[in-house]
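Visitor: I would like a close look at a single part of this model. Please take it strand by strand.

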Amino acid sequence: MSFLDQFVDVSPDAIVIADANGLIVHWNPAAESMFGLPADEALGTSLDVIIPEPMRGAHAKGMERLLAGGQPRIVGTVLEVTAQHSDGSHFPIEMSLSMWTQEGEARFGAIVRDVSKRRANDDRLHHLAHFDQLTLLPNRTSFLENLNNALGQSVQSTVLLVDLDRFKEVNDQLGHAAGDAVLIEAALRIRRCVPTGMANVARLGSDKFSILLTGETDPSRAGALATVVRRELRRPFDLAGRLVWVGCSIGIGMSPSHGDDAATLIGSADLALYEAKAEGGDGQRSFVPALKTAAVARRSLEIDLREAWEARQFEVFYQPQIRLEDRQVVGAEALLRWRHPERGLLAPGAFLSTLENSSLAAPVGTWVLEAACRQGAAWNRQASGFLMGVNLFGAQLKTVPLTETVRSTLSLTQFPARQLELEITENIMLADDECAKDQLNALHDMGVGLAFDDFGTGYASLAFLKQFPITRLKIDRSFVSNVRAKGSDAAIVQAVLMLARKFGLSVIAEGVETEEQEKLLKKWRCPHAQGYLYGKPVAATAFAISSAFPHNRPSSDPMRK
């Protein structure tokens, strides 16, 4: 046996040698294993035995060219083609061809490797790189590739960004397995909303999905699709017998008017989504240029707020809360102000909504709490039983251990828990999860009061009286400012007072500015009030002056709460 024969037989690669007629003259053990054909059956047979039927015609023509003296164009190259197993199945191979003359006759050799595992691994890696493994939807990479391809070909494209509204609550209350189930079901529902071939649906990450419409020029079509998706995701999700409601918000951007490149178009849709979320969720918005202007202003304000926090430009002002029967000051509400170096003293309306949605909300809220308790303790030494009201940011229930923060603050300032009242709004309670509810219950057990701010202005005020350990209702100024002896506002105020008595809750009316309003509130037995009639929010050093209750102040003030 020649050295070549020995090399061929021990090679881990399949090696097949054929003569000029395409008949196999050498078939090594690795070839036997790869193609499932013993050498004694392979030798002398045509190479067609390993060539799939559809490719045999091309192979025959190639052999004819060789017999006519032609040269094969593929000699010296590595090819990846499909081969046939003896059982008839097909599989991918990598083949390196060579040609030589032996004893005056042409010989052809092929070194063959089975690349099935490599191909499968490549496919797996491609799937991992382009598909979300939970929902099996295309991922952000695929979405961007499709969008860039469409925009690169000047195909009009519409992007819908879909963000689940209450997904975090599902995760926090029921665990990540439940959250995963919601994401899988949400993906299925969104795909069902989109006719096959009409659009690409992808999961961009977390609880955000995208829909890419290409070749669509009618904005109403995108709006109609968004409405259908919202309706589907508004339906309850059944998690092992437990129903949860999630819903979604959708932002829409269309090329080229809202952006002719992927980054700009997605940014436009995202701004529209932000607007839909800011309006309470379960809504859809299309991009308009004013949203970009607002976003630039919001970003600038966020930077200014960060600088204000680091430069200690925030201050806490206090507005007196009085007992109506004798106008005795019994407490105060702590209110945040910004001492801007150029614009002067700014009321919350100029910055609070941006602050609430920034990463500063929790630390600023904690700082206000400590400052208010420290001041409350000082005033409590002058007037025992002094009540201090402090507004909570929603972030304080989500990003900090509020119960421990309050407990340590009360210990540090020596302010009694029973004289601290934390004010929460309906928006905070709408975004509630079980962890937040547990914290509020723990605070109530500590003796801390919980006031329902702006009561009556929301959608679910009555339901929250049953779900949360509320101790006081704050009648919103919108009902007090126009109150008369008769009329809808009077009816609402009287109804709130009656409801509070039934629930055993205290009540305070906000925004009292006239003696007529005060007279009616006293007539209806409202126990407490606050408003400009009794004093505007002032710094702690001026609080004693404001409690003298001057009656000759104007009926409006930009610094009022």
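Which residue in E5 does alanine 18 stand opposite?

Guide: Alanine 18 stands opposite phenylalanine 108 in E5. First, the ground rules. This is a predicted model, where local features need pLDDT of at least 70, side-chain atom pairs count only at pLDDT 80 or more, and totals for chains, interfaces and linings use all residues. Residues are numbered from 1 along each chain as its sequence is written, and side-chain values use heavy atoms, with hydrogens and water left out.

Now the strand. E1 covers residues 14-19. Strands (E, at least two residues) and helices (H or I, at least four) are DSSP runs, numbered from the N terminus. Six of the six residues of E1 are buried, so the strand is largely enclosed by the rest of the structure. Buried means under 20% relative accessible area, exposed over 50%, and partly exposed in between, with a 1.4 Å probe and protein chains only.

In a regular strand the side chains alternate between the two faces of the sheet. Ala14, Val16 and Ala18 point one way from E1. Ile15, Ile17 and Asp19 point the other way. Both sets are buried.

Next, the partners. Two strands pair if DSSP finds at least two bridges between them. E1 and E5 (residues 105-114) run antiparallel, joined by six bridges. E2 (residues 24-27) also pairs with E1 in the antiparallel sense, over three bridges. There, tryptophan 27 in E2 is the bridge partner of valine 16.

Finally, the turn. E1 and E2 form a hairpin, with four residues between them. Glycine 22 sits in that turn and has a positive phi of about 80°.
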